[in-house]
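Please look over the sequence and the structure below before reading on.

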Amino acid sequence: MKISMDIELKDIPGQLVLALEPVSGLGGNILSVLHQRDKKTPAGRIPVELVIEIEEKRLERLVEQLEERGVSVVRTGEVSLRESMVVLLIGHIVHSDLGETIDSIDRTGFAEIVGLSLSMPGVDKESSALVTLSALGTKELDEALKILKRTASKKNITIIPPI
Amino acid sequence: MKTVKISIIGFGYVGAGVAEVIRRKREDIAHKYGMEIKIVGIADLGGIFIDESGLDEAELLKLKTGEKKWERQDNMTTLDLIRDVEHDVMVETTPTNVITGEPGLTHIVTALESGRHVVTSNKGPLALEYSHLVNLAAKQNTELKFEASVGGAMPIISLVRSNLAGNGVLSIQGILNGTCNYILTRMAEEGLPYEHVLKEAQELGLAEADPSKDVEGVDTAVKLVILANAVFGMNATYKDVEMAGITNITSDALQLAEEAGYVIKLIGEVNMEGGLKVRPRLVPKHDPLNVSGTLNVATIKTDLAGDITVIGKGAGPIEAASAILADIISIYS
């Protein structure tokens with residue numbers, strides 16, 4: 001299952017590696033790490049937001065192992081995608097491998113394409129797609145839009161984001 | 001009664017519009033502001049007219065109908081007029097050139113150096129040499145005003161500077177080109193293809209024979225640069241704008257957007273982080289930015305007043321002249 005986890009690290013070198021090791025040790029997969037070095041808690045610790053994929057029964061072990069290493073786990077929860085936006089694409093979308101474009105967003109772990117409507121006027125004509133993106137938060141949503149923009153510009157697709 | 005002597009450099013639609021509104025509003029302006037505006041010189045490619053005691057606007061407007069012919073008076077050049085004929089405000093309304101800024105740039109520099117105030121609708125010089133011109137005006141202790149250059153009749157710059165004084169402006173988003181808005185509105189409402197609507201806009205005189213400046217976003221970008229500099233104090237030029245136009249928009253795409261509750265508009269956006277973007281965006285149907293036809297609109301996001309949206313006619317000789325007249329009056333009140 002996908003888990004998002006807020007942890008806090010001591011402000012000394014090597015702490016991030018120390019926190020990530022147990023995840024792979026327990027067969028988990030790290031999907032995203034948001035390391036906010038410029039933000040500190042009042043106690044001088046550095047907050048990090050992790051999104052991981054791990055078997056449900058191993059989650060408790062993971063939290064224990066982190067606490068043993070001096071990493072405090074502030075919150076764990078199943079990933080919920082709270083922010084959404086629609087984006088319109090125009091171009092030879094189907095020919096340019098739509099699946100790959102969708103995968104590149106879904107692979108992030110923090111964002112998904114949750115809706116798609118297509119309009120295909122003719123085989124050699126440009127088609128349009130209205131894509132609904134969802135993500136953990138606004139920052140992740142921006143990041144997902146950037147990925148979509150990169151993919152679109154490589155494939156010569158016009159992208160129309162919302163205001 | 002205070003007499004304000006002006007010259008009008010560039011007597012096209014906008015320049016003639018200025019003469020027309022001065023003629024129409026003479027009594028109002030005298031009554032409300034105790035001011036009489038006299039046109040002492042006009043210049044255009046065709047020639048020059050000068051009369052230090054004031055030209056007759058009705059006579060000047062005959063130049064536009066062909067009842068009166070252009071001539072060159074006293075062997076003067078346009079720059080001689082700006083420099084040597086005694087007047088207070090030069091109104092610069094020559095066509096915009098975004099590559100060199102000329103001839104407007106030289107006209108404005110010459111007027112400021114001669115100690116004259118400048119009121120202009122010309123975007124090119126402002127988009128290319130904004131800080132140079134503003135500094136020159138400050139050094140000469142003269143005013144440089146340009147409300148008509150962005151959004152025609154729609155007040156943005158003076159709105160932010162006067163009425164919203166004290167507010168921090170977070171961003172400005174808007175439709176600043178009526179031609180693009182007309183094309184996108186017609187395409188969306190009638191399901192017509194881009195080429196067809198463009199041709200229609202050209203027949204109606206809403207788009208030029210070479211529509212690239214409008215439809216590729218250049219015109220919007222130039223206006224955005226003026227806003228970035230005037231409102232956000234940036235030192236941006238046209239090259240700083242990330243730009244995409246409307247030529248790729250299909251009626252299918254508009255249809256798809258409509259089904260999801262959106263319209264597509266060419267939106268210019270400038271924010272305090274320094275990003276300048278012109279690109280088609282999805283606008284929710286109920287958003288105030290969804291205005292149709294040739295209208296312009298801008299939403300100003302501020303830290304105290306929240307969002308303020310202004311809607312108005314972005315083009316047209318009388319509309320542009322309205323902004324120019326307001327600028328002239330504001331110099332003296």
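**Where the two chains meet**

In this predicted model, chain A and chain B bury about 1500 Å² between them, and carbon and sulfur atoms give 67% of that area. On the side of chain A, the residues that lose the most area to chain B are A:Leu130, A:Ile160 and A:Ile163, which together make up 37% of what that side buries. The contact draws on 18 residues from chain A and 20 residues from chain B.

What kinds of polar pairing are counted between chain A and chain B? There are six residue pairs in polar contact, with both residues at pLDDT 80 or more, whereas the number of salt bridges between chain A and chain B is zero. The elements of chain A that each give two or more residues to the side touching chain B are β5 (83-91), β6 (111-119), β7 (127-135) and β8 (158-160). Of the side of chain A that touches chain B, β5(A) supplies the largest share, with four residues. Sorted by class, the side of chain A that touches chain B holds twelve nonpolar, four polar and two charged residues.

**Chain A as a whole**

Turning to chain A itself, the reader will find four helices and eight strands, which follow one another along the sequence in the pattern β-α-β-β-α-β-β-α-β-β-α-β. The C-alpha trace of chain A spans about 60 × 35 × 25 Å along its principal axes, and of the 163 residues of chain A, 47% count as buried. Among the contacts in chain A with a separation of 6 or more, 69% are between residues 24 or more positions apart.

One residue of chain A deserves a look for its backbone: A:Asn156 has a phi near 60°, a positive value in a residue other than glycine. A:Asn156 is placed in the loop between α4 (138-154) and β8 of chain A, and A:Asn156 is exposed, with a relative accessible area of 68%.

**Backbone details in chain B**

Chain B also has a residue of this kind, B:Asn141, whose phi is near 60°, a positive value in a residue other than glycine. B:Asn141 is found in the loop between α5 (123-139) and β6 (144-145) of chain B, where B:Asn141 is exposed at a relative accessible area of 68%. Elsewhere in chain B, the peptide bond that joins B:Glu102 and B:Pro103 is cis, with an omega of about 5°, and B:Pro103 is placed in the loop between β4 and α4 (104-113) of chain B.

**A buried glutamate**

Strand β4 (residues 89-92) of chain B includes B:Glu92. Leaving aside neighbours within four places in sequence, the residues in contact with B:Glu92 are B:Ile9, B:Gly104, B:His107, B:Ile108, B:Val119, B:Thr120, B:Ser121 and B:Asn122.

**Charged pairs in chain B**

Over all chains, a search of the whole structure finds 24 salt bridges. One of them brings together the side chains of B:Lys25 and B:Asp28 at 3.8 Å, N to O; because B:Lys25 and B:Asp28 are three residues apart in helix α1 of chain B, they are separated by about one helical turn. B:Lys25 is partly exposed, with a relative accessible area of 38%, and B:Asp28 is partly exposed at 35%.

A salt bridge also links B:Glu59 and B:Lys62, with the closest N and O atoms 2.9 Å apart, and here too about one helical turn separates the partners, because B:Glu59 and B:Lys62 are three residues apart in helix α2 (residues 57-65) of chain B. A further salt bridge is formed by B:Lys301 and B:Asp307, whose closest N and O atoms are 2.9 Å apart. Salt bridges that share partners also join B:Glu20, B:Arg23 and B:Arg24 into one network.

The side chains of B:Arg24 and B:Glu20 make a polar contact of 2.8 Å. B:Arg24 and B:Glu57, 33 residues apart in sequence, are 9.6 Å apart in space, C-alpha to C-alpha.

Notes: Residues are numbered from 1 along each chain as its sequence is written. Chains are lettered from A and ligands numbered from 1 in the order in which they are written. This is a predicted model: local features need pLDDT of at least 70, side-chain atom pairs count only at pLDDT 80 or more; totals for chains, interfaces and linings use all residues. Side-chain values use heavy atoms; hydrogens and water are left out. Contact means heavy atoms within 4.5 Å. Buried area is the accessible area (1.4 Å probe) that two parts lose on being put together, summed over both. A salt bridge is a side-chain nitrogen of Lys or Arg within 4 Å of a carboxyl oxygen of Asp or Glu. A polar contact is a pair of N or O atoms within 3.5 Å; within protein, one must be able to donate a hydrogen and the other to accept it, and residues adjacent in sequence count only if both atoms are side-chain atoms. Ala, Val, Leu, Ile, Met, Phe, Trp, Tyr, Cys and Pro count as nonpolar, Asp, Glu, Lys and Arg as charged, and the others, Gly among them, as polar. Buried means under 20% relative accessible area, exposed over 50%, partly exposed in between (1.4 Å probe, protein chains only).
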